[in-house]
Amino acid sequence: MDNIFSDYIIMSDLDGTFLGEGGRTVEENVKAVEYFKEHGGYFTFSTGRTKGALLKMFPRAAELSNAPAILANGSYIGDLSTGEKFFETCLDEEGTLELLKETAEAFPNVGMRLSRGEYFICPRVNDRLEREFKIYGDLAKRVDFDNIESGHWNKVVFVGNDSVSIDRLKEFLEAKNDGRYALSRSGDYLFEILDKNATKGTMLVNLKKLLAERFGRDMVTVGVGDYNNDYEMLKAADISACPENAIEEIREICTVHLCHHDKGAIADLVKRLENEALKKNAAK
């Protein structure tokens, strides 16, 4: 039983999946992950946040993970301890800047947050984005459109003051997309654009290859998430799981349905994987 989980890697979304209501740490999940790792399993996060934003939101993320994380909704894979990046896939800067300016003119009340490396570059700030400045502190910077530095344009998040504005923005960006972007809704008030090859699903496949090179064998990937931006990851995973609070679109594609995220969905997942592994061992 010592290495009962050695074939598995869990890739967990953060908000609405690993963390509880209001972003609280669910200690049952932490204990379950430690147990999972003690018995040979690998655990990491697959999140829309950058490394810095993830560690600010959940400081224990690095010590809890024993595999590189999928960050910025699939713009890159990153080692949370060393900061090393793999497979970084960035936005086309010239085309994206033009799109941002067009969007700002059409939607003057929508905020914009560009993830550039470990910083949030905000050329347009609204009330909701103003509140985020209090959370992220010196990670967030106000910069005019024409003064955004080149390099590491990982993704853009559009922040609405209400869900209706994001509904309209979604239609606008879908009409503007010429195939170069991956579009996803990551919250009621959030909509994101990344390079077309930058998704959690693409990076799950890349991470599986990276680990196969390290360990000399394929891992069974277990994806767990609750929202639209988890869709590609869950479709690509060997095992797809979601908490009870997941949106209907996500619930429909998952093979494993867990308890509510506030009640310890990851702990529930680990218990189910343990039961499955025990059954397999008993059948040998």
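Colleague: How much space lies in the second largest pocket?

Modeller: This is a predicted model, so take the volume as computed from its atoms. The second largest pocket holds about 270 Å³.

Colleague: Which element gives the most to the lining of the second largest pocket?

Modeller: The lining has 18 residues, and Leu183, Ser184, Arg185, Asn228 and Asn229 lie nearest the centre. Elements giving two or more residues are α7 (163–176), β10, β11 and α9 (231–236). The top giver, with four residues, is β10.

Colleague: Now the largest pocket. Which element gives the largest share of its lining?

Modeller: The largest pocket has about 1000 Å³ of space. Two or more lining residues come from each of α1 (14–18), α3 (51–57), α6 (127–136), β9 (153–159), β10 (181–187) and β11 (190–195). The largest share, five residues, belongs to α6.

Colleague: Which residues lie nearest the centre of the largest pocket?

Modeller: Its lining counts 34 residues. They divide into ten nonpolar, twelve polar and twelve charged. Nearest the centre are Asp15, Arg49, Ser186, Gly187 and Leu190.

Terms used: Residues numbered from 1 in each chain as written. Predicted model: local features only at pLDDT ≥ 70, side-chain atom pairs only at ≥ 80, totals over all residues. Heavy atoms only, no water. 1 Å grid on protein atoms, 1.4 Å probe; cavity = no way out; pocket = protein on both sides within 12 Å on 5 of 7 lines; lining within 4 Å. Nonpolar A, V, L, I, M, F, W, Y, C, P; charged D, E, K, R; others polar.
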